[in-house]
Amino acid sequence: MRHQTLEHRFVRNAPRELEPGVLYVSMEYATAVHSCCCGCGERVVTPFTPTDWWMTFDGESVTLRPSVGNWNQDCRSHYVIEKNRVIECGHWSDTRVEAERRRDKRAKAGYYDRASALVRSAATSTESANGDAQTGGLWSRFRKWLSR
């Protein structure tokens with residue numbers, strides 16, 4: 001690894017020209033961007049989502065998880081950013097990379113399927129509650145029963 005540490009900078013937008021050794025963090029766009037730590041100069045974008053990367057800031061340093069695997073780049077570098085330090089990880093075979101891609105695809109599908117189901121359930125509950133309100137609702141009927 002050419003860069004053993006990264007300086008973090010909180011920005012709204014990452015610059016077009018990335019300064020090597022800098023991790024640009026945009027909270028507004030929930031993304032971190034940096035020049036590949038191996039020194040090849042490729043732009044590395046890590047979006048913060050429940051199924052991609054997450055970032056922690058302890059007031060002094062940044063940790064980015066899970067590891068950054070640049071499988072689509074010629075360098076195929078693989079590393080973790082922990083407390084602004086770059087920790088090189090081992091080489092992954094094509095078989096392992098493909099297995100991880102399949103796992104990632106399943107994880108994303110499962111997460112978004114569950115999220116869609118929750119939205120549908122909430123919509124159904126809202127429709128049901130609105131229907132109850134229009135017909136007197138459970139609480140209204142209960143109050144009427146108590147007042148007899």
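**Salt bridges, core and backbone of a predicted model**

Aspartate 104 has a relative accessible area of 22% and is therefore partly exposed, where buried means under 20%, exposed over 50%, and partly exposed in between, with a 1.4 Å probe and protein chains only. Its side chain meets that of arginine 103 in a salt bridge, 4.0 Å from N to O; the term stands for a side-chain nitrogen of Lys or Arg within 4 Å of a carboxyl oxygen of Asp or Glu. Arginine 103, at 37% relative accessibility, also counts as partly exposed. Through salt bridges that share partners, Asp52, Glu100, Arg103, Asp104 and Lys108 form one network.

A word on the basis of these values. This is a predicted model, in which local features need pLDDT of at least 70 and side-chain atom pairs count only at pLDDT 80 or more, while totals for chains, interfaces and linings use all residues. Residues are numbered from 1 along each chain as its sequence is written, and side-chain values use heavy atoms, with hydrogens and water left out.

To continue with charged pairs: the structure holds 11 salt bridges. One of them joins the side chains of arginine 76 and aspartate 94, at 3.1 Å from N to O. This pair links distant parts of the chain, 18 residues apart: arginine 76 sits in the loop between strand 6 (62-69) and strand 7 (78-82), and aspartate 94 in helix 1 (residues 94-134). Helices (H or I, at least four residues) and strands (E, at least two) are DSSP runs, numbered from the N terminus. Is aspartate 94 buried or exposed? With a relative accessible area of 54%, aspartate 94 is exposed, whereas arginine 76, at 23%, is partly exposed. A further salt bridge brings together the side chains of arginine 85 and glutamate 82, at 3.8 Å from N to O. Arginine 85 is partly exposed at 42% relative accessibility, and glutamate 82 is partly exposed at 24%.

I turn now to the nonpolar residues. In soluble globular proteins, nonpolar side chains tend to be buried together. Which residues have the most contacts inside the largest nonpolar core? They are Leu23, Phe48, Leu64 and Tyr79, in a core of 16 residues. A nonpolar core is here a set of buried Ala, Val, Leu, Ile, Met, Phe, Trp, Tyr and Cys residues joined through side-chain atoms within 4.5 Å. Two or more residues of this core come from each of strand 2 (22-26), strand 6 and strand 7. Strand 6 gives the largest share, 3 residues.

Leaving aside residues up to four places away in sequence, leucine 23 touches Leu6, Glu7, His8, Arg9, Ala32, Val33, His34, Val62 and Ile81, a contact being heavy atoms within 4.5 Å. Valine 11, in the loop between strand 1 and strand 2, is 12 residues from leucine 23 in sequence, and their C-alpha atoms are 9.9 Å apart. Valine 11 is partly exposed, at 23% relative accessible area. With residues up to four places away in sequence again not counted, valine 11 touches Tyr24, Val25, Ser26 and Met27.

Next, the backbone. Most residues other than glycine have a negative phi, and most peptide bonds are trans. Where does this model hold a cis peptide bond? Such a bond joins arginine 65 and proline 66, with omega at about -10°; proline 66 lies in strand 6. Alanine 30 has a phi near 50° and is found in the loop between strand 2 and strand 3 (31-35). Alanine 30 counts as partly exposed, at 26% relative accessibility. Arginine 76, the salt-bridge partner of aspartate 94, likewise has a phi near 50°.

Finally, the cysteines. How many disulfides are there? The count comes to 0, a disulfide being a pair of cysteine sulfur atoms within 2.5 Å. Cysteine 38 is partly exposed at 27% relative accessibility, and cysteine 40 is partly exposed at 39%.
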